[in-house]
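I opened the notebook today to look at two interfaces, one inside a chain and one between chains. Here is the structure I was working from.

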Amino acid sequence: MDQTLIQTPVADANFVGQPATPTPPEKVSEMEQSFIQARKANVFYGEKQALFDINLDIEEKRVTALIGPSGCGKSTFLRAINRMNDLIPICRFDGNLTIAGQEIYDPAVDVVALRAQVGMVFQKPNPFPKSIFENVAYGLKIHGMTSSKTEMADRVEWSLKSAGLWDEVHDRLDQPGNSLSGGQQQRLCIARTVAVAPKVILMDEPCSALDPIATAKVEDLIDSLRKDYTIVIVTHSMQQAARISQRTAFFHLGKLIEVGATKDVFTNPREEQTQNYITGRIG
Amino acid sequence: MINFTQEAGFGLRRRKRAEARFQWAGRGAILISLAFLVIMFASIIGNGAGVIWQSQIAVTVDLSAEEIDPENIGDASFNSLVKKGLRDAFPEVEKRKEKKRLYGLVSTEAAFEVERQIQANPELLGGMQTLWVTASDDADLYISGQVDTDLPEVKRRVSDAEIAMLDKLLEEGLARETFNRGFFTNGDSREPEIAGILSSLMGSALTLLVCFALSFPLGIGAAIYLEEFAPKNRMSDLIEVNINNLAAVPSIVFGLLGLSIFLGYMGLPRSTPLVGGMVLALMTLPTIIIASRAALRSVPPSFKEAALALGATPVQAIFHHVLPVAMPGMLTGAIVGMAQALGETAPLLMIGMVAFIVDVPTSVLEPATALPVQIFLWADAPERAFTEKTAAAIIVLLTFLILMNLIAILLRRKLETRF
């Protein structure tokens with residue numbers, strides 16, 4: 001059963017055990033209920049506290065931008081959503097963070113199953129040192145998502161098309177992923193993430209290493225992915241946040257200062273700090 | 001007026017001189033070390049090159065049916081046949097002492113060589129045959145021109161009488177130098193002229209095989225666990241410090257450890273490549289672990305992160321993405337460790353691989369010796385002709401070391417992934 005069709009989002013995303021079977025997400029009407037919910041979320045690096053009592057609602061099938069000056073905790077929050085912070089031994093999470101109603105810091109949650117359904121795109125394009133095909137097929141392989149070679153090839157093609165990369169690479173799938181240009185590499189990373197049919201895609205400054213033309217392509221891609229995925233993007237560029245996101249959350253010094261519709265945050269911020277940041281007076 | 005030349009001040013002349021001094025000191029250091037290397041190689045090659053050639057003497061032996069029963073070749077006394085042949089060639093030699101000198105011109109192996117030639121080619125039987133046999137080590141010294149005839153007779157290994165006989169043989173074309181196949185196909189021997197390197201070469205190969213089979217998987221496994229999984233706490237720090245210390249422990253200590261544990265406690269067969277390989281594995285383990293950890297650390301963490309973010313388990317992330325990239329570095333470390341093990345002598349002495357081994361070992365459970373131990377044994381031998389063998393064995397050892405390093409470089413080039 002496709003989880004996106006359920007009205008009450010309780011316990012539909014299956015983070016415990018096997019990941020859901022890959023069906024290309026279907027179009028459904030937007031829901032009012034917030035998909036990702038953080039309540040009193042605190043993150044500590046050893047003694048140092050990086051996030052303070054974050055209460056944030058992220059809506060399904062929207063692009064939510066996290067903005068704020070360097071060191072404000074926006075990346076830390078992003079990495080808390082797929083528990084990549086667990087890789088840092090001294091990092092500790094406290095509070096509640098639910099996705100589709102399920103607490104992701106619950107001991108029963110398998111972090112592998114979580115990450116299979118909450119994909120991530122990194123700041124620097126990081127394709128595996130393998131062929132383009134292998135890059136996209138890797139997630140399918142480890143999760144055993146396809147049963148035949150043709151099915152895998154179809155899925156790879158679908159993923160590359162979703163990432164708007166198919167026309168550029170369809171005739172050289174066997175070439176190494178790092179032979180592509182920076183922008184193509186980043187779209188390859190997005191294709192790799194999309195291939196395993198995640199519910200959420202986290203993006204950590206995906207365009208900061210790209211030139212303006214490549215950035216425009218990735219932004220178009222993000223906009224087209226919005227209808228199928230819940231996207232959370234960290235960005236330093238306020239123009240980018242304004243262009244691609246529907247909601248914007250402003251972080252400052254580990255605290256969530258303001259969250260709202262992007263239009264409102266940029267044109268009519270409630271908080272003075274937000275005003276100062278978007279007009280360039282701090283940060 | 002602005003001055004951009006050295007005369008502009010700023011202490012430039014003094015600074016330039018210091019610069020030049022340092023560069024010349026560096027060039028000098030390289031020159032001196034190169035000179036030492038050249039001297040070393042020249043002396044080794046100069047001493048060992050003679051091994052390529054081996055002297056042979058032709059002996060005419062009577063292979064008629066009276067001497068040898070064609071049905072029963074093994075029963076014949078080949079030793080007396082060879083001696084008779086030598087006496088026939090030099091009828092003037094009569095005194096017992098002179099006869100002994102005459103017989104000493106050919107190797108003690110000569111009789112066996114005649115037998116082998118007949119076994120291989122029975123058609124030789126039934127008449128007089130001239131067969132080539134190996135000359136003795138002293139005769140070989142004279143034939144290859146290594147005897148200084150200007151010295152008084154008492155200071156020479158070869159007496160005037162022997163020189164006269166050899167000169168006669170050379171004149172008649174009954175003595176010659178041929179390619180020394182025996183050096184590469186024979187085992188060790190008390191007689192330098194037939195002593196070969198094959199037994200110790202095989203011993204070394206088997207020992208290294210055991211060593212590699214043990215230390216490579218163990219070392220890489222330990223490195224992966226320590227680098228990627230082990231919690232970073234006081235315990236892992238302690239282990240790390242101790243591994244680094246182990247790399248600096250003198251190898252003879254590992255030999256003693258092997259002696260008391262592998263031989264004494266576990267009762268494994270002594271003098272065997274199995275135990276030798278185990279001891280050398282202990283010795284190379286720290287080297288491989290340290291090199292492998294460095295190789296793992298040099299892999300950009302982004303590969304692992306990307307795999308984990310896709311939902312790979314940590315083991316999958318490491319084996320699919322980190323290990324392939326780290327492999328060239330790990331292999332290089334392993335081969336450097338193997339090269340170290342190949343040249344190691346002290347621990348092998350401790351576990352009894354210093355034995356005199358004539359037979360070429362074919363399994364890891366047979367007594368064997370190793371190349372560096374063979375060099376040690378030959379260098380210790382009293383016969384003058386063994387100096388040549390020693391140098392030649394060193395050349396063989398160095399060749400293998402260079403080959404191994406070459407393989408390491410080629411593997412690195414081939415496997416290295418660009419990212």
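How many residues of domain 1 of chain B are in contact with domain 2 of chain B? I counted 8 residues of domain 1, which are in contact with 6 residues of domain 2. I kept in mind that this is a predicted model.

**Entry 1: the two domains of chain B.** I took the bounds from the domain assignment, which gives domain 1 as 50-180 and domain 2 as 198-415. I found their centres, taken over C-alpha atoms, to be 46 Å apart. Together the two domains bury about 600 Å², with 56% of that on carbon and sulfur atoms. On the domain 1 side, I noted that Val51(B), Asp137(B) and Gln146(B) lose the most area, together 58% of what that side buries. I looked for salt bridges across this interface and the rule found 0. It did find 1 residue pair in polar contact. I sorted the domain 1 side into 2 nonpolar, 3 polar and 3 charged residues.

**Entry 2: chain A against chain B.** Here I found 24 residues from chain A and 19 residues from chain B in the contact. The two chains bury about 1700 Å², 66% of it on carbon and sulfur atoms. In chain A, Phe128(A), Pro129(A) and Tyr138(A) lose the most area to chain B, together 30% of that side's share.

How values were computed:
Residues are numbered from 1 along each chain as its sequence is written. Chains are lettered from A and ligands numbered from 1 in the order in which they are written. This is a predicted model: local features need pLDDT of at least 70, side-chain atom pairs count only at pLDDT 80 or more; totals for chains, interfaces and linings use all residues. Side-chain values use heavy atoms; hydrogens and water are left out. Domain bounds come from an automatic or database domain assignment. Contact means heavy atoms within 4.5 Å. Buried area is the accessible area (1.4 Å probe) that two parts lose on being put together, summed over both. A salt bridge is a side-chain nitrogen of Lys or Arg within 4 Å of a carboxyl oxygen of Asp or Glu. A polar contact is a pair of N or O atoms within 3.5 Å; within protein, one must be able to donate a hydrogen and the other to accept it, and residues adjacent in sequence count only if both atoms are side-chain atoms. Ala, Val, Leu, Ile, Met, Phe, Trp, Tyr, Cys and Pro count as nonpolar, Asp, Glu, Lys and Arg as charged, and the others, Gly among them, as polar.
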